[in-house]
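The sequence and structure are shown below.

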Amino acid sequence: MRIEQLEYFAAVTQHGSLRRASERLHISQPALSEAVSKLERELGVTLLDRRRSGARISRQGRHLLPNMVEVLEAVDRLRTAAGDQSAGSRLVRVGTVDAATSTLLVPAVRGFQEARSGTTVEVLNMQQGEIHQGLAEGALDLGLVNVLAGDDPPVGLVGTDLVHGRPVVVMPADHPLAEQEAVTIDDLRAERFVAMRAGYVMHRFAHRLFGPEMPGTTYSTDGAEMGKVMVAEGLGLTVLPDYSVLGDPLQRAGIITHRPIAGDRTAVTLVLRQRRLEHVPAPVRSMAAALVTRARAYREAQAG
């Protein structure tokens, strides 16, 4: 068994496919596949379920992955002790539903990379279910998701509450409803509406809010960032967690604003999720710590 074989398998799980892993590792896909096959033969287990649609980590692979990561981390520590400055380099993959991007994620990434310049952070915009699956399969290191009160946490993942907020109505700053202290559901229902697509918590919240009577003209999009752009361009209003609007560049520029929903007391929380592992790689721990630190600063700023 060679260290490279473990690194290759870890890369496949991290990047989600043999093709993407081979591109990142700068080796041919057949060579990568053969290296993983040799590792499977040596261990006597199936690590990847190979299908026409692509290769996915198997149940046995998920079970063994933490042990492999532990070995690779031990090798990294050995290289560091020997003075190999490249040992700290790694790709950290973060899946996000596009919540609190400007107020939390981007500042956290900036602070993380100032401390670990040799590590690359890859941010992927995904739906919540995709993030949970990516974490479970090892294709993602960290995930940022919105959670409504009463939502059950996924099995096998641990979560850290970062910021708490409430859903608010997002509108152009010069919209007539901006003159009101709060927006009623009937007023919102009478407007063109920009909805999040199924798979996002705000999609579920909107259907809970409006019941069977959705606004007559409804657009659908992926993620808060595109939703805010559509609002800024006058296509309609939307509903997002307040922490996805406060401090946003469009809000700071006076292009969009927000108002609470009259009579609504729904709580929404931005949660950091990751796999339950005995040994978490140091770069992943550092990125998680940067997010927690930035979230604490945000909460303190709001409280002050």
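## The second largest pocket and its surroundings

The second largest pocket lies between domain 1 (3-82) and domain 2 (90-162 + 269-302), because both domains give residues to its lining. The volume of the second largest pocket is about 410 Å³. Its lining consists of 22 residues, and Gly16, Arg20, Arg56, Glu137 and Ala139 are those that lie nearest the centre. By residue class, the lining of the second largest pocket comprises eight nonpolar, eight polar and six charged residues.

Glutamate 137, one of the residues nearest the centre of the pocket, belongs to helix H6. Is glutamate 137 buried or exposed? Its relative accessible area is 16%, so glutamate 137 counts as buried, the limit being under 20%. Apart from residues up to four places away in sequence, glutamate 137 touches Thr13, Arg56, Ile57 and Arg62. Of these partners, Arg56 is also listed among the residues nearest the pocket centre.

## The chain as a whole

Three domains divide the protein chain: domain 1 (3-82), domain 2 (90-162 + 269-302) and domain 3 (167-266). Between the C-alpha centres of domain 2 and domain 3 the separation is 25 Å. Contacts between these two domains involve 17 residues of domain 2 and 20 residues of domain 3.

The protein chain contains eleven helices and twelve strands, and its C-alpha trace spans about 65 × 40 × 35 Å along the principal axes. Of the 304 residues in the protein chain, 48% are buried. When contacts between residues at least 6 apart in sequence are considered, 75% of them join residues at least 24 apart.

The average pLDDT of the protein chain is 88, and 96% of the residues score at least 70. Over residues 83-88, however, the pLDDT is below 50, and this stretch has seven contacts in the model beyond near neighbours in sequence. Where pLDDT is low, the predicted coordinates should not be read in detail.

## Two further buried residues

Alanine 21 is located in helix H2 (residues 18-25). With a relative accessibility of 0%, alanine 21 counts as buried. Its contacts, leaving aside neighbours within four places in sequence, are with Ala11, Val12, His15 and Leu32.

Glutamine 274 is located in strand E12 (residues 268-275). Its relative accessibility is 14%, and glutamine 274 therefore counts as buried. Which residues does glutamine 274 contact, leaving aside its neighbours within four places in sequence? The partners are Leu135, Asp141, Leu142, Gly156, Leu157, Val158, Val280, Val284 and Ala288.

The table sets out C-alpha separations for the residues discussed.

| Residue pair | Separation in sequence | C-alpha to C-alpha distance |
|---|---|---|
| Alanine 21 and alanine 11 | ten residues | 5.5 Å |
| Glutamate 137 and valine 280 | 143 residues | 15 Å |
| Glutamine 274 and leucine 148 | 126 residues | 18 Å |

Technical notes:
Residues numbered from 1 in each chain as written. Predicted model: local features only at pLDDT ≥ 70, side-chain atom pairs only at ≥ 80, totals over all residues. Heavy atoms only, no water. pLDDT = per-residue confidence, 0-100. Contact = heavy atoms within 4.5 Å. 1 Å grid on protein atoms, 1.4 Å probe; cavity = no way out; pocket = protein on both sides within 12 Å on 5 of 7 lines; lining within 4 Å. Points joined across faces, edges and corners; volume = space filled by probe spheres on them. Nonpolar A, V, L, I, M, F, W, Y, C, P; charged D, E, K, R; others polar. Domains from an automatic or database assignment. Helix = DSSP H or I, 4+ residues; strand = E, 2+ residues; numbered from the N terminus. Buried < 20%, exposed > 50% of the residue type's maximum accessible area, 1.4 Å probe, protein only.
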